Amino acid sequence: MRALIRSNLAILSQKIALLDLLVSKRGASQASDAFQKTCPIVGASIGQHYRHSMDHVELAALVASSAKDTSMHQHQQLGELHYDLRVRGGTLEKDLVESRKRLCDVTDVFRSLNTTIGDGDNRIEAQTPVTAYFNLAADDDKEIGLPSTVERELGFCAHHVGLSEDELPDGFGRAPSTIIFDKKQEE
């Protein structure tokens with residue numbers, strides 16, 4: 001569980017670093033414009049990617065936090081994660097400052113989980129069952145529920161990173177397995 005929390009904290013840290021890089025390189029006004037500008041390659045803005053990925057990460061963090069509080073009832077169904085029921089086009093896609101605040105708030109949830117484990121409180125039950133719902137077909141708006149666990153959902157969310165046309169810090173948004181592979185190829 002600790003590795004999954006660290007992975008999500010690393011992704012969140014990268015996202016915050018990218019926003020800070022945008023502001024430091026371009027100034028607040030131009031950074032805000034870049035945050036909202038649609039990339040022609042992927043058809044979405046940095047803000048849209050951040051909102052999308054944070055919808056997933058935040059939901060998984062809150063479920064993990066709830067697992068901490070309900071683990072006394074081991075393997076009890078904790079809840080449902082409806083990943084595709086999201087608010088699109090709102091403030092979090094357009095306001096860099098509000099998006100950064102959200103990143104910091106979710107970082108705090110993960111730090112709290114990490115501290116809980118670090119204090120020897122192992123009440124977070126990684127195998128707590130949940131149901132993750134997705135829309136799996138573009139021609140049908142019916143959600144499909146898939147059985148899962150808190151641990152699996154934290155792993156799923158650790159790969160969600162926003163994209164950008166801008167110069168990115170080394171390793172930004174790259175899967176750890178890809179970084180390890182590339183390092184071995186360089187040897």
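Figure 1. Glu58 is partly exposed at a relative accessible area of 26% (buried means under 20%, exposed over 50%, partly exposed in between; 1.4 Å probe, protein chains only). In this predicted model, local features need pLDDT of at least 70 and side-chain atom pairs count only at pLDDT 80 or more, while totals for chains, interfaces and linings use all residues. Residues are numbered from 1 along each chain as its sequence is written, and side-chain values use heavy atoms, with hydrogens and water left out. Glu58 forms a salt bridge with Arg102, with the closest N and O atoms 2.7 Å apart (a side-chain nitrogen of Lys or Arg within 4 Å of a carboxyl oxygen of Asp or Glu). The pair links helix α4, which holds Arg102, to helix α2, which holds Glu58, 44 residues apart (helices are DSSP runs of H or I, at least four residues, numbered from the N terminus).

**Figure 2. Asp55 and Arg102.** A salt bridge joins these side chains at 2.9 Å, N to O. Asp55 lies in helix α2 (residues 46–70) and Arg102 in helix α4 (residues 96–118), so the pair ties together parts 47 residues apart in sequence. Asp55 is buried at 15% relative accessible area, and Arg102 is buried at 10%. A network of salt bridges links Arg51, Asp55, Glu58, Glu93 and Arg102.

**Figure 3. Glu98 and Lys101.** Their side chains meet in a salt bridge of 3.2 Å, N to O. Both residues lie in helix α4, three residues apart, about one turn of the helix. Glu98 is partly exposed at 31% relative accessibility, and Lys101 is partly exposed at 45%.

Technical notes: Helix = DSSP H or I, 4+ residues; strand = E, 2+ residues; numbered from the N terminus.
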